[in-house]
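This report describes the architecture of a protein chain and the surroundings of its ligand. The sequence and structure are shown first.

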Amino acid sequence: MDAAPHSVKRPSGLAERWFALRNRMLASARFQRLAAAFPPTRALARRRTRALFDLVAGFVYSQILLACVRLKVFDLLADGPQEVDALAARTGLSPDAMRRLLEAAATLDLTERRGPDRFGLGIHGAALRGAGGLAEMIEHHTLLYADLADPVALLADREKETALSRFWAYARDPRPGTLPDAQVGAYSQLMAATQAFVAHEVFSAVKLGRRRCLLDVGGGEGAFLAAAGARFPKLSLMLFDLPAVVGRAEARLAAAGLADRAAVFGGDFRTDALPPGADTISFVRVLHDHDDATVLALLKAARQALPPDGIVVVAEPMSDVPGGEPAGEAYFGFYLWAMKSGRPRPPEALYALLTAAGFARPRLQPTKNPILLQVVVAEVDGSSRI
Ligand SMILES: C[S@@+](CC[C@H](N)C(=O)[O-])C[C@H]1O[C@@H](n2cnc3c(N)ncnc32)[C@H](O)[C@@H]1O
C-alpha cells in the first residue's frame with residue numbers, strides 16, 4: 001500500500017496540553033450543560049450538537065435520499081407541487097408512508113412543504129435533477145453501503161472480495177485485458193452517465209483549442225472524448241482502454257459522428273505501451289484507482305508516448321481540498337478502500353509522481369467545483385502553453 005505522509009507538523013508540547021484540556025472539557029457532561037445554558041456559548045453549543053447529530057444520523061439521511069430517487073419523487077415534482085395523496089397513488093406507497101418520506105425529505109431540503117398536505121421540490125431535489133448521473137450514483141451507493149455495513153471488518157481485511165471490487169472488475173483482476181463485456185458494461189455505463197459534468201469542468205480549466213490530438217487513457221465508453229470532439233472541432237481523438245471497453249467506445253463515438261476523427265486502442269495499460277501520436281494525454285478519473293507504482297509506470301508510459309511539446313492532464317477528485325476535506329479523505333478514501341485499489345491523492349502527491357515520471361511544471365488548473373474534481377497539468381519540456 002502507498003505510504004501517505006502528511007505535511008502537517010507534530011504540535012508542540014504546549015499545544016498538545018491545550019488539546020487534552022479542550023477534549024476533557026468537551027467530554028464533560030457538566031461542561032456541555034453549562035455551554036448549552038450560558039447565553040454567549042448557546043448558539044455555538046447548538047451548532048456543535050447539530051453537527052454531531054448529523055454525523056450520527058448521516059446514513060438515515062442517505063437512505064431518505066435513496067427512497068426519493070427510487071420512487072422518482074423529484075421527477076414527479078418537476079412540473080410543480082403535488083398533494084401527498086396524488087404522489088402516494090403514483091408511487092404505490094400509502095399516503096401515510098409518502099407523507100413521512102416527504103416530511104423527512106423537506107427537513108433535508110430535498111422537498112419543500114407548499115401547503116397543508118402538499119409538497120414541491122426543495123433546493124437539493126431541484127439541483128439533483130440537473131446534475132447528470134447523480135441519481136445513478138445514489139443507486140450505485142447501495143454497493144458501497146453493503147461493504148460498509150461492518151466498517152471495521154472492511155478495514156481489517158483488504159484481501160476479502162467486496163461488492164465494489166466485483167463491480168470494478170479491473171481493480172483486482174490480474175489480467176484485466178481479458179475481462180468480458182459483461183464485467184465492464186455496468187461500470188462503463190455509470191461512468192458515461194456522470195461524464196457531462198466532468199468534461200465541462202476539465203474544458204473550462206484546460207484550453208485544448210491549440211492542441212492537435214488528444215489521447216484519453218482509461219477513456220471508458222468515450223463520453224469524455226466525444227465531448228472533447230464536439231468542443232474542439234479540429235482536435236484528433238484517440239482512446240485507450242481495456243479491449244471490452246473500447247468496443248463500447250467505438251459504438252458511442254460512431255453514434256456521435258466522430259468515427260473519422262477517432263481511433264480506439266484496446267489493451268492493458270499495466271503491461272502494454274500507450275499508442276504514440278497524441279500531443280495531449282488525459283487521465284480522467286483513472287489514477288486514483290491505482291497504487292503509486294502503477295501510477296508512476298503509467299505516467300512514464302505517457303511521457304514516452306508524448307512529443308516534446310506534449311502535455312498531460314490529470315482530472316479526478318483529490319484529497320486535501322480546503323473546505324472539502326471529508327469528500328476526499330472520508331468519502332473517496334473509503335470508497336477506494338472498499339474497491340480494493342488506489343487512494344485519493346492531494347495535488348502534491350500527483351506533482352511528485354509526475355516529476356518522477358519526467359514531467360515538468362506540474363500545477364493545478366482551477367476548477368469551479370474542486371470538492372468534486374480537480375485538474376492537474378504538466379508538460380514534457382516545460383514550454384507548452386495551454
Ligand atoms: C473510473 S473509470 C473512468 C472512465 C472515464 N475516464 C471517465 O472518467 O468516465 C476507469 C477506466 O480505466 C479503465 N482501466 C482500468 N484498468 C485498466 C487497464 N489495466 N488497462 C486499460 N484500461 C484500464 C477502465 O476500464 C475504466 O474505463
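## Basis and domains

Domain bounds, as used here, come from an automatic or database domain assignment. On that basis the protein chain is divided into domain 1 (28-130) and domain 2 (151-379). The centres of domain 1 and domain 2, taken over C-alpha atoms, are separated by 35 Å.

The model is predicted: local features need pLDDT of at least 70 and side-chain atom pairs count only at pLDDT 80 or more, whereas totals for chains, interfaces and linings use all residues. Residues are numbered from 1 along each chain as its sequence is written.

## Overall composition

The protein chain has 17 helices and ten strands; helices (H or I, at least four residues) and strands (E, at least two) are DSSP runs, numbered from the N terminus. Its C-alpha trace spans about 65 × 65 × 40 Å along the principal axes.

Buried residues make up 33% of the 386 residues in the protein chain. A residue is buried if 20 or more other C-beta atoms lie within 10 Å of its own, exposed if 12 or fewer, and partly exposed in between, with C-beta atoms placed from the backbone. Two residues are in contact if their C-beta atoms, placed from the backbone, lie within 7 Å. Among contacts between residues at least 6 apart in sequence, 66% join residues at least 24 apart.

## Nonpolar cores

A nonpolar core is a set of buried Ala, Val, Leu, Ile, Met, Phe, Trp, Tyr and Cys residues joined through C-beta atoms within 7 Å. The largest has 67 residues, and those with the most contacts inside it are Val-217, Leu-239, Ala-302 and Val-312. Apart from its neighbours within four places in sequence, Ala-302 is in contact with Val-217, Leu-274, Ile-281 and Val-312. A second, separate core of 16 residues includes Val-73, Phe-74, Ala-105 and Phe-119.

## Ligand shell

The ligand is surrounded by 21 residues, the closest being Met-191, Gly-218, Gly-220, Phe-269 and Arg-285; a residue is near a molecule or strand if its C-beta atom, placed from the backbone, lies within 6 Å of it. Two or more residues of the shell come from each of helix 11 (181-193) and helix 12 (195-205). Helix 11 gives the most, with three residues.

By class, the shell has eleven nonpolar, five polar and five charged residues. Here Ala, Val, Leu, Ile, Met, Phe, Trp, Tyr, Cys and Pro count as nonpolar, Asp, Glu, Lys and Arg as charged, and the others, Gly among them, as polar.

## Helix 14

The buried residues of helix 14 are Ala-244, Val-245, Val-246, Arg-248, Ala-249, Arg-252 and Leu-253. They pack against helix 11, helix 13 (223-231), strand 5 (236-241) and strand 6 (262-266). Gly-257, with a positive phi near 75°, follows helix 14.

## Individual residues

Lys-340 is not a glycine, yet has a positive phi of about 80°. Lys-340 is found in the loop between helix 16 (325-339) and helix 17 (347-356), and counts as partly exposed because it has 19 C-beta neighbours inside 10 Å. Arg-361, also a residue other than glycine, has a positive phi near 50°. Arg-361 is placed in strand 9 (residues 360-365) and, with 16 C-beta neighbours inside 10 Å, counts as partly exposed.

Thr-142 lies in helix 8 (residues 134-147) and counts as exposed, because it has 12 C-beta neighbours inside 10 Å.
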